[in-house]
Each structure stands twice: as structure tokens, then as C-alpha cells.
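Welcome to a short tour of this structure. We will look at its pockets, its aromatic rings and its nonpolar cores.

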Amino acid sequence: MTERKKIRKLFWAWDDQKEEVWLQQMAQEGWVLEQYRWFTYTFKAAAPSKLVYQLDYRLGFPDKSYFDLFEMDGWHMVSSFGGWYYFCKKDDGTDKLEIFTDVHSRAAKYIRLSNYLLFILAMHVLSFWLPAITNPSHIPFWIGGTIAPIAIIGIFGVYMLRRKAKKLKEIMI
């Protein structure tokens, strides 16, 4: 029976590269990512190896050509959850250790993610804040107290994702 280990860990969307490095370190320690769900990483025991992990974010269900593109370059999709796709491949010493072919495509990932977060924030405002503003006595105070921090974190997330995309685009110039 294969030994498994679960680790609960939180990475922010704009810290995806830190997550990739952490997954690579886990593989070097003999723990290969098997699945990711709700801040829980499931690893299986394996021989220590030099694996490279890369994350991509796509809204909806990508078609077969999306996955074929990665497979042709030696990438294997390990897990997917909530629009995040986890790919890995052995570190073969080549310079093809990234799923993104250029800085623009990496920046586009952060723009896609920030646009989705903006949509969620807009729905948040329309469903919770607009009714509270138009009829404040109808909405209990505790709802506003619990929803406001979520909005603040969302706004901060959009800012961080856009800032990361902007820094990447400045590299192109």
C-alpha cells in the first residue's frame, strides 16, 4: 500500500510561484503531489526526485487542445480545482521548465484571475451591499460585519494580481 500524506496550506493566488517551489521541495523530499482540494494537498510517497511544478488558471473547462499542448512538451496534469491546473514534469536540465512561453502569457493568467475576482466582487456588491444600502434596517448588522472583510480581501487580491501582471508586462518593455 502506498503511503499518503495530507497537508493543509494556504497560498494566495498571487503567490503561485511560491506554491510551485514548495511543491518542488516536497518532491525532492520524496512526496509527489497527487491531488489538491480546498487548501489540502494530498501527496504520495515516492523516491526523491527533481520535479518541476507549474500552475495555470483557466475559467470553465478547457478543451482537449489545451491539455495536448502541455503533453507535447512533456507536462503531466496532476490535479485541477477551482480553475487551477497543476502540471508537473521531470527536471530534464533544459530551458523548457515553464508552461508559459513568454512573459505576456504569464501576465495574462493574472489578468484572467483578477477579472474573475472582479466579477465575484461585483456580484457581492449587488447581492449584499446594494440591499443593505437601500434598506439598512432589513439586513442584520452581523451580515455586514462578516461580509465586509471578504470584500476587502477581494479588493486587495485584485490589486495584487493586477500589480503582478503589470510588473511582468514591464519586463517585456
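Let us begin with a helix: α2 is the element that gives the most to the lining of the second largest pocket, contributing three residues. Keep in mind along the way that this is a predicted model.

Now turn to the largest pocket, where the space comes to about 910 Å³. Here 31 residues form the lining, and A13, F39, W84, L113 and L117 are the closest to the centre. Two or more lining residues come from each of α1 (16-28), β4 (51-57), β6 (84-90), α3 (103-134) and α4 (141-172). Which element gives the most to the lining of the largest pocket? That is α3, with six residues.

## Aromatic rings

Next come the rings. The count of aromatic pairs in this model is 20. One of them joins F11 and W22, a tilted pair with 5.7 Å from centre to centre and 45° between the planes. This pair links distant parts of the chain: F11 sits in the loop between β1 (4-8) and α1, while W22 belongs to helix α1, 11 residues apart. Are these two residues buried or exposed? Both F11 and W22 are buried.

Another pair brings together Y36 and F81, this time edge-to-face, with centres 5.9 Å apart and planes at 75°. Y36 lies in strand β2 (residues 31-37) and F81 in strand β5 (residues 76-81), so the pair links parts of the chain 45 residues apart. Y36 counts as buried because its relative accessible area is 9%, which falls under the 20% cut-off. Ring pairs also tie F11, W22, Y36, W38, Y41, F43, F81 and Y86 into a cluster.

In soluble globular proteins, nonpolar side chains tend to be buried together. The largest nonpolar core in this model has 27 residues, and W22, L23, L33, Y41, F43, Y53 and Y86 have the most contacts inside it. The elements that give two or more residues to this core are α1, β2, β3 (40-45), β4, β6, α3 and α4. A second, separate core has nine residues, among them Y66, W75, L97 and I99.

L33 is part of strand β2, and it is buried because its relative accessible area is 3%, under the 20% limit. Beyond residues up to four places away in sequence, L33 touches L23, Y41, T42, F43, Y53, V78 and Y86. How many residues apart in sequence are L33 and Y53? They are 20 residues apart, with 9.3 Å between their C-alpha atoms.

Y53, for its part, is in contact with E20, L23, Q24, A27, V32, L33, V78, F87 and C88, leaving aside neighbours within four places in sequence.

Methods. Residues numbered from 1 in each chain as written. Predicted model: local features only at pLDDT ≥ 70, side-chain atom pairs only at ≥ 80, totals over all residues. Heavy atoms only, no water. 1 Å grid on protein atoms, 1.4 Å probe; cavity = no way out; pocket = protein on both sides within 12 Å on 5 of 7 lines; lining within 4 Å. Points joined across faces, edges and corners; volume = space filled by probe spheres on them. Helix = DSSP H or I, 4+ residues; strand = E, 2+ residues; numbered from the N terminus. Phe/Tyr/Trp six-rings, centres within 6.5 Å; stacked < 30°, edge-to-face > 60°. Buried < 20%, exposed > 50% of the residue type's maximum accessible area, 1.4 Å probe, protein only. Core = buried A, V, L, I, M, F, W, Y, C linked by side-chain atoms within 4.5 Å. Contact = heavy atoms within 4.5 Å.
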